Amino acid sequence: MISVSDVSMRYGSKVLFDEVTTAFLPQRRYGLTGPNGAGKSTFMKLLTGELDPQKGTVVRPAKLGVLRQDQFAFDAFRVIDTVIMGNARLWKALEEREVLYAKADMTHEDGMRLGELEGVVGEEDGYSAESDAAILLQGLDIPDELHTRTMGELQGGQKVRVLLAQALFGHPEALLLDEPTNHLDLDSIHWLIEFLNRYDGTLIVISHDRHFLNAVCTHSADIDYQTIITYTGGYDEMVMAKTQIRSRVEAENAQRAKKIAQLQDFIQRFSAGTRSSQVQSRRKEVERLQTTDLARSNIQRPYIRFNQLRPSGRNVLEFKGLQKAYGDHEVIRGFDGMVQRGEKIVLAGRNGQGKTTLLKVLMSDAPGMIPTPGDIDAGTVKWGHEVSIGYFPQDQTGLIEKGTTAVEWLHRFDPDASRQDIHGLLGQMLFTGEEGLKPTHALSGGETARLLFCRIMLLKPNVLILDEPTNHLDLESINALNIALQKFEGTVLLVTHDQDLMEEVGTRVWSFEQGAITDFKGTFEEFESARH
């Protein structure tokens, strides 16, 4: 169990939590929810002990599994050893045991100490540690040949999965996971869901993946109104309960306000007359009926709407014999296809199978894009009549130039747009007031993503090509994007590991597996049913 008593945290004038008292119980899986900036990561650091509360206390179990965010901290260690380090007591015993066994002359004391260490190794399942760690790594798609490599030799996404295995290793009494699905493909996410649903300790997880939260969580701990309120159920159930509670209080307040107005009317009419006792009782009734104060929620919802300046022709895209390889590694071989106006195509498959590569191949000579012939090895790509493309890349490095403001950067894409229109568009995406004047070098990941969506909405394209658009968005923004894509009347090519987006937006699936691409005409749910 993890318990929090009377905890307060503030930064300057901003209050994150005020005298919060709550407990996280064993055999329960909590989703820690709240919009960006509400204090989720700060609260998680209080629970792990990385931060001390400004007021109050946190009590946590001795064995804690934590997903580390520093990808470079273990670069000198083997992958398998990095996972075993998740059990600090076992790792310390293994290191000391190795030093003692390396001694040429062992003393009696050394022998006694070795016996104690062997006891610790036995208690912590150390004799099966490497095989247990390997099973975790395999589940997270880290192949056997990488297990004895150093962490420094791995790619960023692979490192994240090893650190996730580290957090899960050694049967911790509590697991604290901050964005565990980042950099995971759908198969790895499904494996993680099954693993966590079997876990019998206390789980606290932050995630912007609604499907993941609904699939894993038995409870939701929602950070809002400067406190934490726990609801039973996953994310959707929490939203429903929260909305119902607020609606009920608002309805009760409306009824009370109406009754108070009637009583005050009576008081005004008769306060100077002979009915003073009735007036007095009405005054007491008014005091009793005072409306419940409704704290202001810190949830902000963006408004995303994709309009088209003009529709494209019926045939949006036609391609034949597409090929792309990196050295000897063939990623795409001989892919043909045609895309019709209004189709919404989901690109599905494990990481590294070529989804982003295919988007780059298709855009190698696309209208409005700078030609990049090196992105395609062979094949032809023909874009249709009146096609205009809005592109959201996975790697946004250098896309928004520094030395300007959000307003100025956006305005250059449509110099005829009024400043009022630009500020209105920024306001839709939560750049309120002076935030539109924020220098571009100071934008966070979430702000960069929202500004790129502003550009797409400003340009009004009829084809959207979106590569992992949810990576830096909070749940409210992802839900807004989901609805906007469903309503969009143009054509969509979408790479995402967000299962709700895949299921609710897609009308067609391109499935990637070992260089081969299967074209399935139907929804993602129909594709999954056909595959199984």
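User: Which cluster do ring pairs link F17 into?
Analyst: This is a predicted model, where local features need pLDDT of at least 70, side-chain atom pairs count only at pLDDT 80 or more, and totals for chains, interfaces and linings use all residues. Residues are numbered from 1 along each chain as its sequence is written, and side-chain values use heavy atoms, with hydrogens and water left out. Rings of Phe, Tyr and Trp (its six-membered ring) pair if their centres lie within 6.5 Å; planes under 30 degrees apart are stacked, over 60 edge-to-face, the rest tilted. Ring pairs join these residues into a cluster: F17, F24, Y30 and F43.

User: How many aromatic pairs does a search of the whole structure find?
Analyst: A pair of aromatic rings is described by the distance of the centres and the angle of the planes. Searching the whole structure gives an aromatic pair count of 14.

User: Why is the pair of F392 and F453 stacked?
Analyst: The ring centres of F392 and F453 are 4.8 Å apart. Their planes meet at 20 degrees, so the pair is stacked.

User: Which elements hold F392 and F453?
Analyst: Helices (H or I, at least four residues) and strands (E, at least two) are DSSP runs, numbered from the N terminus. The pair links distant parts of the chain, 61 residues apart. F392 is in strand β14 (residues 389-392), and F453 is in helix α14 (residues 445-459).

User: Is F392 buried or exposed?
Analyst: Buried means under 20% relative accessible area, exposed over 50%, partly exposed in between (1.4 Å probe, protein chains only). F392 has 0% relative accessibility, so F392 counts as buried.

User: Which residues does S477 touch, not counting residues up to four places away in sequence?
Analyst: S477 is found in helix α15 (residues 475-487). S477 is buried, at a relative accessible area of 3%. Contact means heavy atoms within 4.5 Å. Leaving out residues up to four places away in sequence, S477 touches P302 and I304.

User: How many disulfides does the structure hold?
Analyst: A disulfide is a pair of cysteine sulfur atoms within 2.5 Å. C217 is buried, with a relative accessible area of 9%. The number of disulfides in the structure is 0.
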